[in-house]
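Welcome! Please keep the structure in view as you read.

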Amino acid sequence: MSQKSLPRITRPARHFTVRLSATRRGARLARLLTERQLDDWGDPFGSAAQVVAELASNAVLHGRVPGRDFRLGLELRPDGTLRIEVTDARGDRMPRVPGPAAPDAESGRGLLLVAAYADRWGVDAAAAGCKTVWAELAPDRADP
């Protein structure tokens, strides 16, 4: 049998999705669950926890609708790319990267951090007037 005829063996994509309360506690839990899930998968991305923390915090602060949750989704693709998705209830409020923050500002840097850690990120419209903010981290972004 020649090398060309052998099927290529790749690992399957792995998925994790959870709904969390749109509260500060829910945002903290999103980060902790991300760390645990990636550890269980054996693919620890140190920067992924930071990206999830920023996106979940934004969902709670800017995407909250009383009585509605936000959703965290993780997908570890066969090529090792990690896709993080956070869906909130405010599709009418699209995130934007602000200009430079004042040195003493207490906020306004979250999406700049996401952009620094992620290879790609963006926003998609979701069902029921929601939006999904996503980020993709390549396998070389994993911590040693």
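## A network of charges

Let us begin with charged side chains: Glu75, Arg77, Arg83, Glu85, Arg120, Asp124 and Glu136 are linked in a network of salt bridges. A salt bridge here is a side-chain nitrogen of Lys or Arg within 4 Å of a carboxyl oxygen of Asp or Glu. Side chains of opposite charge can pair when their charged atoms come close. Arginine 83 counts as buried at 10% relative accessibility, while glutamate 85 counts as partly exposed at 25%. (Buried means under 20% relative accessible area, exposed over 50%, and partly exposed in between, with a 1.4 Å probe and protein chains only.)

## About the model

This is a predicted model, in which local features need pLDDT of at least 70 and side-chain atom pairs count only at pLDDT 80 or more, whereas totals for chains, interfaces and linings use all residues. Residues are numbered from 1 along each chain as its sequence is written, and side-chain values use heavy atoms, with hydrogens and water left out.

## The overall layout

The protein chain has three helices and five strands. Helices (H or I, at least four residues) and strands (E, at least two) are DSSP runs, numbered from the N terminus. Starting at that end, the elements follow the order β-α-α-β-β-α-β-β.

The chain has 144 residues, of which 36% count as buried. Among its contacts with a separation of 6 or more, 65% are between residues 24 or more positions apart; contact means heavy atoms within 4.5 Å.

Is strand 5 mostly covered or mostly open? Strand 5, residues 130-137, is mostly covered, as eight of its eight residues are buried. In a regular strand the side chains alternate between the two faces of the sheet. Here Cys130, Thr132, Trp134 and Glu136 point one way, Lys131, Val133, Ala135 and Leu137 point the other way, and all are buried.

Strand 5 has a neighbor in strand 3 (residues 82-88): the two run antiparallel and are joined by seven bridges. Strand 4 (residues 120-126) also pairs with strand 5 in the antiparallel sense, over seven bridges. Two strands pair if DSSP finds at least two bridges between them. Valine 133 of strand 5 stands opposite valine 86 and also opposite valine 123. Tryptophan 134 in strand 5 has glycine 122 opposite. The hairpin of strand 4 and strand 5 has three residues between the strands, and alanine 128 in this hairpin takes a positive phi near 60 degrees.

Helix 2 covers residues 46-62, which is 17 residues. At 1.5 Å a residue it should span 24 Å, and its end C-alpha atoms are 25 Å apart, which agrees. (The expected span is 1.5 Å times one less than the number of residues.)

The buried residues of helix 2 include Val51, Val52, Leu55 and Val60. What do the buried residues of helix 2 pack against? Their partners are helix 1 (24-41), strand 2 (70-76), strand 3, helix 3 (110-117) and strand 5.

## More salt bridges

The whole structure holds 11 salt bridges. In one of them, aspartate 88 meets lysine 131, with the closest N and O atoms 2.8 Å apart. Aspartate 88 lies in strand 3 and lysine 131 in strand 5, so this pair ties together parts that are 43 residues apart in sequence. Aspartate 88 counts as buried at 5% relative accessibility, and lysine 131 counts as buried at 4%.

Another salt bridge brings together the side chains of arginine 90 and aspartate 92 at 2.9 Å, N to O. Arginine 90 is partly exposed, with a relative accessible area of 23%, whereas aspartate 92 counts as exposed at 57% relative accessibility.

## A pocket to visit

A pocket is found on a 1 Å grid over the protein atoms alone, as an open set of points where a 1.4 Å probe fits, with protein on both sides within 12 Å along at least five of seven lines; lining residues have an atom within 4 Å of a point.

How much space lies in the second largest pocket? About 190 Å³, where the volume is the space filled by probe spheres set on the points, and grid points are joined across faces, edges and corners.
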